[in-house]
Amino acid sequence: MSSSENGIHVLIFPFPAQGHILPLLDFTHQLLLHGFKITILVTTKNVPILDPLLSTHPHVKTLIFSFPGHPSLPFDVENVKDVGNSGNAPIIVGLSKLKGLILEWFKAQPNPPKAIVYDFFLGWTQDLAQEVGVPGIVFYTSGALLVSILTDIWRNFGAYKDLGLVEFNGLPKSPRFVRDHLPSVFQKFKEGDPTWEIVRNGFISTGKSFGSVFNTFEALESEYLDFLKKEMGHERVYSIGPINLVGGPGRIGKSNVDDGINEGVFTWLDECADGSVLYVAFGSQKLLTKAQMEALTIGLEKSGVRFILVAKQLSAQQEEQGFGSVPEGFEGRGLVIKGWAPQVEILGHRAVGGFLSHCGWNSVLEAIVAGVLILGWPMEADQFINAWWLVENMKTSVQVCHGPNTVPDPIELGRRISEAMSNDLFKERAKELRDEALKAVKIGGSSKRDLDSIVRELAQLKS
């Protein structure tokens, strides 16, 4: 029996950061295509992010609450994009204050949700799911390697907390990282601090979920997916990615440059040789300092490579804080896009052969889908872990710099860019990984099989 016949209601609870919301909305789109009744929980200022999904699926309900806030956040901040990575913990804790209101809402529903799908940053939701007696399903917007490491960190926190170098010998391939390259949640954690205890307990609670859904695919991370199945003690660990390849209206971006400028980008790309262009972008949160931007632009010039550089429009305050704009008149052999760029479409153009990236998980998957080589400059969060996996194990990437405050030597950076962009072996491997990703989401592929499995599990819930 299909879910459209039994009216199964699912509550979706995304974490308000672009890299988290978009993949979960893409998964939500898939659930809607399978006939589920969906309610999405957001705070007031995050409602516009749902516009593309709601215009495609007007029957989706929204559950909107005022954001309760947190003492360390400015009063009008409800999304990580407004404060950067440091806003994660206070936003997690602010949202946890909604638990009572959500419980009241549940009790008042004639047809309450039969399951809650929540972002892995919102692990306290698992306790809420248990309280109302429905399955909690955690959606991981990151890779399975990161989650394996986080699982190990929280289990062995006492042993790891004072180490300068942490070796994860219980994990496949025994990853090892210096402390500064581990997720900031580990570096910043303060035992006994109420905010951080909520964060830690939330991560631990996700391990009790009925099922786990990952935006990854078997050919990329099978060892860590298998590791997590053993950890969870069941097989309900689903890899359904790359979800951006499956598609969905949650992917639509809003440009603050007009279509004519975008059209000019593709006209310029059409005139470039296959695989000759390097795309340079550092995600929705990261700004470069003046010294970093200067080194990057000189490095690009010295590399002799054609490029597209995406740079954010800085506010006067950001300029005063020492962040850097692209120098006036700089373009050289490339194009500069100020503001939002159609990243997926640019990466998919035949002329683009490389992506100089911070190695955030969504950017990694977009590069894989496009079959382009990643030139890594990891800076924070999960980025060092993602870069290690791609560089040392998948051999589809090269690292050209690392660290949030590092100012690369521009000559050396230029040399590394030039060498990477002429490395046909790595480019070939990137294309092979793209083929594996395409295979995963097709009928008979591992991600299609897992998506069908999670849909089947949810469809069996009693209405």
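What follows is a set of questions and answers on a predicted model.

Biologist: Let's begin with the aromatic rings. Why is the pair of Phe177 and Trp388 called edge-to-face?
Modeller: The ring centres of Phe177 and Trp388 lie 5.7 Å apart, and the cut-off for a pair is 6.5 Å. Their planes stand at 70°, and angles over 60 degrees count as edge-to-face. The pair is therefore edge-to-face.

Biologist: What makes this pair a tie between parts of the chain?
Modeller: Phe177 sits in strand S7 and Trp388 in helix H18, so the pair links parts that are 211 residues apart in sequence. The structure holds 21 aromatic pairs.

Biologist: Why is the pair of Trp388 and Trp389 called tilted?
Modeller: Their ring centres are 6.0 Å apart, with the planes at 40°. Stacked needs under 30 degrees and edge-to-face over 60, so 40° makes the pair tilted.

Biologist: How do you know whether Trp388 is buried or exposed?
Modeller: Buried means under 20% relative accessible area. Trp388 has 18%, so it counts as buried. Trp389 is buried as well, with 3%.

Biologist: Where else does a residue other than glycine have a positive phi?
Modeller: Cys359 has phi near 70°. Cys359 belongs to the loop between strand S13 and helix H17. With a relative accessible area of 2%, Cys359 is buried.

Biologist: On to the helices. How do you know that H11 falls short of a straight helix?
Modeller: H11 runs over residues 218-232, and its end C-alpha atoms are only 17 Å apart, whereas a straight helix would reach 21 Å at 1.5 Å a residue. There is also a kink of about 40° in H11, centred on Tyr224. Tyr224 is one of the buried residues of H11. Just after the helix, Gly233 takes a positive phi of about 80°.

Biologist: What does the span of H10 look like against its expected value?
Modeller: H10 has 13 residues and reaches 19 Å from its first C-alpha to its last, close to the expected 18 Å. At the start of H10, a side-chain oxygen of Asp193 comes to within 2.9 Å of the backbone nitrogen of Thr195. The limit for a polar contact is 3.5 Å, so that distance falls inside it.

Biologist: One last topic, the nonpolar core. What makes Ile308 stand out there?
Modeller: Of the 96 residues in the largest nonpolar core, Tyr279 and Ile308 touch the most other members. Helix H7 gives the most to this core, with 8 residues. Beyond four places in sequence, the residues touched by Ile308 include Val265, Trp268 and Tyr279. A second, separate core has 29 residues, among them Ile8 and Ile454.

Conventions: Residues numbered from 1 in each chain as written. Heavy atoms only, no water. Core = buried A, V, L, I, M, F, W, Y, C linked by side-chain atoms within 4.5 Å. Buried < 20%, exposed > 50% of the residue type's maximum accessible area, 1.4 Å probe, protein only. Helix = DSSP H or I, 4+ residues; strand = E, 2+ residues; numbered from the N terminus. Contact = heavy atoms within 4.5 Å. Expected span 1.5 Å × (residues − 1). Bend = angle between axes of the 7 residues up to and from the residue. Polar contact = N/O pair within 3.5 Å; in protein donor to acceptor, adjacent residues only side chain to side chain.
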